[in-house]
Structure formats: structure tokens, C-alpha cells
Amino acid sequence: MIAIEAEPYPFEFDPAHTALLIIDMQRDFLEPGGFGAMLGNDVSQLRRTIEPNQRLLAAWRDAGLMVMHTREGHRPDLADLPPAKKIRGRSATCIGDAGPMGRILVRGEPGHDIIPELYPAPGEPVIDKPGKGAFFATDLHAILQNGGITRLVVTGVTTEVCVNTTVREANDRGYDCFVPSDCVGSYFPEFQEMGLKMIKAQGGIFGWVGRSEDVIAALKQ
Ligand code: TIU
């Protein structure tokens with residue numbers, strides 16, 4: 001077991017039973033000219049997470065540990081898109097419509113794919129999820145269980161939406177989750193702060209919050 005500095009208290013993990021789970025680092029959320037930017041969001045708030053994630057991913061791969069990636073999106077026929085999700089927001093452009101990088105949040109479209117800086121390596125499972133949480137309607141739990149994984153390092157975007165939902169789902173399924181604050185991002189600074197506080201409050205009600213450099217240093221020891 002390795003222990004690293006974290007809030008509310010040190011996070012202990014056995015690397016062989018810990019997976020790095022990178023949430024939704026997709027072009028439509030992160031790239032200027034993507035769906036997120038089209039909605040008026042400040043993508044620089046998310047893009048600051050790219051370099052820390054690259055460093056953590058490299059260290060994780062070098063150590064030969066399990067890496068998984070997720071993408072939020074839907075079937076091209078939209079049969080898995082709940083009508084409520086499609087019309088929410090009353091936006092003129094919604095999921096499935098033509099966007100700046102193909103059909104918005106549709107599998108197989110350029111905007112739906114993961115940014116090149118963090119592209120999955122061959123053999124790293126990619127979980128296509130129709131919801132905000134990575135466990136809903138996916139085989140993530142089965143893959144983690146079959147791999148003997150009991151702890152997760154969860155990174156990606158956005159802190160208060162897909163990262164928080166996934167950490168909560170993981171917590172209810174018995175996983176211990178560590179969230180490196182520099183590797184998760186929100187379009188809204190106040191949600192970044194509160195999204196992390198919600199995880200670590202009340203004695204770590206959903207998990208631990210720390211820094212990626214401490215994980216990397218621990219792996220190199
Ligand atoms: N991945 C993820 O967080 N999906 C979102 O829709 N996030 C928003 O913050 N909207």
C-alpha cells in the first residue's frame with residue numbers, strides 16, 4: 001500500500017488494484033470551436049487540465065497500471081437518447097444535430113472523440129456512456145471487477161457533472177476514489193471549488209481530493 005497526501009486524510013492505494021479513469025476528455029467539450037464553446041462556455045477552464053492529465057497518464061502507463069477512458073455520447077440513430085435529455089436547455093442546437101465537429105455527442109463523429117493529447121493507447125478500454133455517470137448503462141463495473149480493481153483515480157471533465165456523478169456511482173459500488181484537483185475541470189470556477197468540496201466533505205463522503213504530482217511521485221518510488 002502507498003499513502004499519499006490528500007483531503008480529508010491520506011489516500012492509501014495498492015497500484016495493482018487501482019485504475020486511472022479519465023472522464024470525457026472529448027473534443028466537443030475541450031476544443032475551441034466545439035459544442036461546449038458554441039454554447040458560450042470558456043474552454044480554457046477545461047484545457048488547463050490537459051497537461052496535468054498527460055503527465056499522470058504517462059506515469060500510469062509507465063508503471064503498467066490499468067487505464068480506462070470514457071466518452072459521453074449516443075448511438076447514431078439516437079435510440080438511447082432520452083427525450084428529456086434531448087430537449088433540456090431549449091437550445092436551438094441539441095444532441096444529434098449538426099455541430100461544428102460533426103453531429104453533437106454522436107458516436108463516431110469527430111467532436112465525440114477524445115482529444116489527441118490524451119488519446120487512448122491500444123488495449124486501454126474506452127467506455128461509451130449515454131449518461132453523465134460512467135456506470136449507468138455501461139460495462140465499466142464488470143471490467144473493473146474482472147480486473148480486480150478496488151480503487152479509482154478519477155480525472156477529466158466536468159468536475160461537477162460527469163466527474164462528480166461517476167465518483168458518487170463508484171462510491172455506492174464500493175470503490176475508493178481519489179480525485180486530483182489539477183486534473184479535473186469545470187467551465188465555472190465556483191463549481192470547480194464546490195464540486196471538489198462536495199467529494200471530500202464529511203470525512204470524505206464520496207472520496208479523497210489531492211494533487212496529481214503526489215500520485216506521480218508515489219508511483220516513481
Ligand atoms: N462530461 C460532462 O461533464 N458532460 C457535460 O455535459 N458536462 C457539462 O458540464 N455540461
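**Salt bridges, helix packing and backbone**

Author: In this predicted model, a network of salt bridges links Glu5, Arg211, Glu213 and Asp214. A search of the whole structure finds 18 salt bridges.

Reader: What makes the contact between Glu5 and Arg211 a salt bridge?
Author: The N to O separation of their side chains is 4.0 Å. The criterion is a side-chain nitrogen of Lys or Arg within 4 Å of a carboxyl oxygen of Asp or Glu, so the term applies. Glu5 lies in the loop between strand E1 (2-4) and strand E2 (11-13), and Arg211 in the loop between strand E11 (208-210) and helix H9 (212-220); the two are 206 residues apart.

Reader: Why is Glu5 called exposed, and why is Arg211 called partly exposed?
Author: Glu5 has a relative accessible area of 56%, and exposed means over 50%, so Glu5 is exposed. Arg211 has 36% relative accessibility, which lies between the 20% and 50% limits, and therefore counts as partly exposed.

Reader: How do you know that Asp24 and Lys129 form a salt bridge?
Author: Their closest N and O atoms are 2.7 Å apart, and the limit is 4 Å. Asp24 is in the loop between strand E3 (18-23) and helix H1 (27-30), whereas Lys129 is in strand E7 (residues 126-129), so the pair ties together parts that are 105 residues apart in sequence.

Reader: Why does Asp24 count as buried?
Author: Its relative accessibility is 0%, and buried means under 20%, so Asp24 is buried. Lys129 is buried as well. Asp24 also has a phi near 50°, a positive value in a residue other than glycine.

Reader: What makes Arg71 and Asp128 a salt bridge, and how is the accessibility of Arg71 classed?
Author: The closest N and O atoms of Arg71 and Asp128 are 2.8 Å apart, and the limit is 4 Å. Arg71 lies in strand E4 (residues 67-72) and Asp128 in strand E7, so this pair ties together parts that are 57 residues apart in sequence. Arg71, at a relative accessible area of 17%, is under the 20% limit and therefore buried.

Reader: Why is helix H4 called roughly parallel to H9?
Author: Helix H4 (residues 50-62) and H9 pack at an angle of about 20°, with their axes 10 Å apart. Angles under 35 degrees count as roughly parallel, so the term holds for H4 and H9. H4 passes H9 in a left-handed crossing. Pro52, Arg55, Leu56, Ala59 and Trp60 of H4 make the contact with Ser212, Val215, Ile216 and Leu219 of H9. Sorted by class, this contact has 7 nonpolar, 1 polar and 1 charged residues.

Reader: Which residues of H9 are buried, and what covers them?
Author: The buried residues of H9 are Ser212, Asp214, Val215, Ile216, Ala218 and Leu219. Their cover includes E1, E2, H4, strand E9 (176-180) and E11.

Reader: What makes helix H7 roughly parallel to H8?
Author: Helix H7 (residues 159-172) and helix H8 (residues 189-204) pack at about 10°, with their axes 10 Å apart. The limit for roughly parallel is under 35 degrees, so H7 and H8 qualify. In this contact, Thr159, Glu160, Asn164, Val167 and Arg168 of H7 meet Phe191, Gln192, Gly195, Leu196, Met198 and Ile199 of H8. The residues of the contact divide into 5 nonpolar, 4 polar and 2 charged.

Reader: Why is Pro100 called partly exposed?
Author: Pro100 has a relative accessible area of 42%, between the limits of 20% and 50%, so the term applies. Pro100 lies in the loop between E5 and strand E6 (102-103). Leaving aside neighbours within four places in sequence, Pro100 is in contact with Gly33, Gly34, Phe35 and Met38.

Reader: Why is Arg90 called exposed?
Author: At 83% relative accessibility, Arg90 is over the 50% limit and therefore exposed. Arg90 is in the loop between helix H5 (83-87) and E5, and has a positive phi of about 50° although it is not a glycine.

Reader: Which peptide bond at Pro8 is cis?
Author: The cis bond joins Glu7 and Pro8, with omega about 5°. Pro8 is in the loop between E1 and E2.

Terms used: Residues numbered from 1 in each chain as written. Predicted model: local features only at pLDDT ≥ 70, side-chain atom pairs only at ≥ 80, totals over all residues. Heavy atoms only, no water. Helix = DSSP H or I, 4+ residues; strand = E, 2+ residues; numbered from the N terminus. Buried < 20%, exposed > 50% of the residue type's maximum accessible area, 1.4 Å probe, protein only. Axes fitted to C-alpha atoms, helices over the stretch in contact; angles between N-to-C directions. Parallel < 35°, antiparallel > 145°, perpendicular 65-115°, else oblique. Left-handed = near helix turned anticlockwise from the far one by under 90°. Contact = heavy atoms within 4.5 Å. Nonpolar A, V, L, I, M, F, W, Y, C, P; charged D, E, K, R; others polar.
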